[in-house]
Amino acid sequence: NPVRCVTSTKIYVITGGEDGNAVVWEKEGGAWKIMRTLKRHRGEVECLDTTPCEKYVVTGSHDNTLILWKLSNGNRERSFVGHTDWVIAVAVTPSGDGIVSGSMDMTAILWNIHDSSRLLTFTGHGYSVLGVVVSSSGLHLYTCSADKTAIKWSMKTGERLDTFKGHEDRVRSCCLTSDDKYLITASNDKTAIVWNADDTTRLRTFKGHSSYVRSICVFSCAPRIVATGSFDDTVILWDFQTAIRVC
């Protein structure tokens, strides 16, 4: 069963699959063993994220819903219903009280994790929302889309604050540096871009992949390293400051 997404805690690794299930793995000896399988979705599990306390995982699916699961026993705590198309991206807020989901219905939704209520709907993208990331302060949401842009939103009001324009194809993934100062986006145009998160200034571009850049993350070590994963079957490590390929 092909794996669509993966995340981890200090104890577990959780994978989401095309069969609609999520699998919880735990290390036993020198090998990883399946502890339990989370079965409830009626479509592929496209995305997942764990809560800051690492007790729960949220899964998003092609069945248009999200589910909150307890990792220790696999119990389904609650479902989140409201999107009208596939759920593509999910992020738990730093406080652990909210969930943000991005969907092919062109919206992102902020949910109350405790009762599944919809708190805010972020509307403004012209195509599918493919990535979501919440600032460490919890004040801002960043979304990226097949409309070739990323948008900065207020997490308090749902107001659209800024738009990041510069990619030539869909923006597949986005992340923030740990200080919330820089947004990094990955695109089907084979590049990744570093932006000033406060004023949308385009600072530098990572060029080197021969196909779509599908995923991106940044490490807070010194010097900062950016990792990009691509459909060209490679992962490249870059120096954040110089955009020079490290590995």
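Predicted model: local features only at pLDDT ≥ 70, side-chain atom pairs only at ≥ 80, totals over all residues.

**Stop 1: a nonpolar core**

Start by selecting Val100, Leu110, Phe122, Val132, Leu141 and Met155. These residues have the most contacts inside the largest nonpolar core, which has 14 residues. Now colour the strands β9 (87-92), β11 (107-112), β12 (118-123), β13 (129-134) and β15, the elements that give two or more residues to this core. Which element gives the most to this core? It is β13, with three residues.

Next, centre the view on leucine 141. Leaving aside residues up to four places away in sequence, leucine 141 touches Val100, Ala108, Phe122, Val132, Val133, Val134, Ile151, Lys152, Trp153 and Met155.

**Stop 2: salt bridges**

Time to turn to charged residues. Side chains of opposite charge can pair when their charged atoms come close. How many salt bridges does a search of the whole structure find? The search finds seven.

Select arginine 214 and glutamate 46, whose side chains meet in a salt bridge with an N to O distance of 3.7 Å. This pair links distant parts of the chain, 168 residues apart: arginine 214 sits in strand β21 (residues 213-219), and glutamate 46 in strand β5 (residues 45-50). Is glutamate 46 buried or exposed? Glutamate 46 is buried, because its relative accessible area is 8% and buried means under 20%. Arginine 214, at 29%, counts as partly exposed.

Move on to lysine 152, a residue you met among the contacts of leucine 141. The side chain of lysine 152 forms a salt bridge with that of aspartate 198, at 3.9 Å from N to O. Lysine 152 is in strand β15 (residues 149-154) and aspartate 198 is in the loop between β19 and β20 (202-207), so this pair ties together parts that are 46 residues apart in sequence. Lysine 152 counts as buried at 6% relative accessibility, whereas aspartate 198 counts as exposed at 56%.

Now select arginine 224 and aspartate 179, a salt bridge whose closest N and O atoms are 2.8 Å apart. Here two loops are tied together: arginine 224 lies in the one between β21 and β22, and aspartate 179 in the one between β17 (171-176) and β18, so the parts joined are 45 residues apart in sequence. Arginine 224 counts as buried, with 19% relative accessibility, and aspartate 179 as partly exposed, with 32%.

**Stop 3: two loops with a positive phi**

Finish with the backbone. Go to lysine 190, in the loop between β18 (182-187) and β19 (191-196). Lysine 190 is not a glycine, yet its phi is positive, about 80 degrees. Its relative accessible area of 37% makes lysine 190 partly exposed.

Where is aspartate 233? Look in the loop between β22 (225-230) and β23 (235-239). Aspartate 233 also has a positive phi, about 70 degrees, although it is not a glycine. Aspartate 233 is exposed, with a relative accessible area of 74%.

Technical notes. Residues numbered from 1 in each chain as written. Heavy atoms only, no water. Helix = DSSP H or I, 4+ residues; strand = E, 2+ residues; numbered from the N terminus. Buried < 20%, exposed > 50% of the residue type's maximum accessible area, 1.4 Å probe, protein only. Salt bridge = Lys/Arg side-chain N within 4 Å of Asp/Glu carboxyl O. Core = buried A, V, L, I, M, F, W, Y, C linked by side-chain atoms within 4.5 Å. Contact = heavy atoms within 4.5 Å.
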